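This report sets out the strand arrangement and the ligand surroundings of one protein. Please consult the sequence and the structure below while reading.

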Amino acid sequence: MHCFKSSLGAQTALLIVAGLALSPACGTEGPGFPIVIKFSHVVAPDTPKGKGAEYFRKLVQERTQGRVKVEVYPNSQLYKDKEELEALQLGSVQMLAPSVSKFGPMGVKAFEVFDLPYLFDGYAAAHKITHGPIGASMLKQLRAHGMTGLAFWDNGFKEFTANKPLHRPEDFKGLKFRVKSSKVLEAQMRALGAIPQVMAFSEVYQALQTGVVDGAETSPTNIYTQKWHEVQKFMSMSHHGYDAYAIVVNSRFWDSLPADLRATLEQSLNDATRYVESMSARDEVDAISAIRDSGKCQVVELTAEDRLSLRRALQPVHQQMAERVGRDLLESIYSATRSDQKQSDATPPLPVAVR
Ligand code: SIN
């Protein structure tokens, strides 16, 4: 069994191409096979990302007839947030799907644009960016950091959790909130009068349980599968931000793959992306129901006035952070999604379950 590392040389790649040509049709016996792709991520298997990774693994197994083996490591089993990006750059793992908020500390600030509150009015608007030229040119920026961006996946729209019901900006005042490593998310919490605390995803449950932080934000599927609802009394249906993942591979590994295998992997990833998109909204609704049914965490439905007050308090974050994420990028997203975020007072949409 050969596992590609970033040190993989051209000679080895040639051997693999030769192996492909010489091995019997559909064979898995050529030198260097199976090629192993370690796919590490930080969430539970029963989430859009977890299911997407598993679906990709299965497609690759079938379509390469075992020549490529994807090994999925969920739940920060191998690495936490920051460590997994370093491991990818070093070639210790070959594939990741980090939340785009986590690229900022590497110097890739543009991805934090997705963290701007109420940037997108729903999945259709978000997909205009993630499926289009703006998303493609963002992914290209990752090449300078030793990784190749292949696609965006949906996590979902985020809700806030806390031990008190959060309706309006004044409810957040003085509370400590865990955020991902994004300056935009720090600014978001400050705009609400809260105190942001950056923390790895795998540490949040315990921090909520012990009161190190008072609240957090993520998608309902993450809240449910990480059991945050067991240590938070309220989940407020703020639906205030779109959470995206970027699927990234180690560039040296990727570039050294035989072209036919790379094409098969790309096609499998496209299919896995459509699969994730076909279920993320539904999973979100199911997770909200499961949280409600648990009886441990109250789902707080916000009035139109509550939601408008949150939106008005958070809107200035767009202009505050425009230089950081790139003013041109932000303007191009506004015009591609045809929203006029600078003046808009429209109340944000909610998942079907709470309408
Ligand atoms: C993830 O969904 O990958 C983690 C999200 C978070 O860190 O909040």
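Two strands are taken to pair if DSSP finds at least two bridges between them. The model under discussion is predicted. In this model, strand β5, residues 159–162, runs antiparallel to strand β9, residues 234–236, and three bridges join them. Within that pairing, alanine 162 has phenylalanine 234 of β9 as its bridge partner.

**Overall composition**

The protein contains 14 helices and 11 strands. Of its 355 residues, 47% are buried. Among contacts between residues at least 6 apart in sequence, 79% join residues at least 24 apart.

**The four-stranded sheet**

Strands β5 and β9 belong to an open sheet of four strands in the order β8-β5-β9-β11, with mixed pairing. The edges are formed by β8 (216–218) and β11 (298–300), each of which pairs on one side only. On average, neighbouring strands of this sheet are turned by 25° against each other, direction ignored.

**The five-stranded sheet**

A further open sheet, also with mixed pairing, has five strands in the order β2-β1-β3-β10-β4. Here β2 (68–73) and β4 (147–157) are the edge strands; each has a single partner strand, so one side of each is left without a neighbour in the sheet. Inside the sheet, β1 (residues 35–40) and β3 (residues 95–96) pair in the parallel sense over two bridges. Phenylalanine 39 stands opposite methionine 95 of β3.

Strand β6 (residues 176–179) pairs with strand β7 (residues 195–198) in the parallel sense, over four bridges. The bridge partner of arginine 178 in β7 is glutamine 197. Together with helix α6 (residues 183–191), β6 and β7 make a right-handed β-α-β unit.

| Strand pair | Residues | Sense | Bridges |
|---|---|---|---|
| β5 and β9 | 159–162 and 234–236 | antiparallel | three |
| β6 and β7 | 176–179 and 195–198 | parallel | four |
| β1 and β3 | 35–40 and 95–96 | parallel | two |

As a general point, side chains in a regular strand alternate between the two faces of the sheet.

**The ligand shell**

Which residues are found around the ligand? They are Val42, Val43, Ser99, Asn155, Lys180, Phe201, Thr218 and Asn222. By class, this shell has three nonpolar, four polar and one charged residues.

Note on methods:
Residues are numbered from 1 along each chain as its sequence is written. This is a predicted model: local features need pLDDT of at least 70, side-chain atom pairs count only at pLDDT 80 or more; totals for chains, interfaces and linings use all residues. Axes are lines fitted to C-alpha atoms, for helices over the stretch in contact, and angles run from 0 to 180 degrees between N-to-C directions. A crossover is right-handed if, with the strands pointing away from the viewer, the path from the first strand over the helix to the second runs clockwise. A residue is near a molecule or strand if its C-beta atom, placed from the backbone, lies within 6 Å of it. Ala, Val, Leu, Ile, Met, Phe, Trp, Tyr, Cys and Pro count as nonpolar, Asp, Glu, Lys and Arg as charged, and the others, Gly among them, as polar. A residue is buried if 20 or more other C-beta atoms lie within 10 Å of its own, exposed if 12 or fewer, and partly exposed in between; C-beta atoms are placed from the backbone. Two residues are in contact if their C-beta atoms, placed from the backbone, lie within 7 Å.
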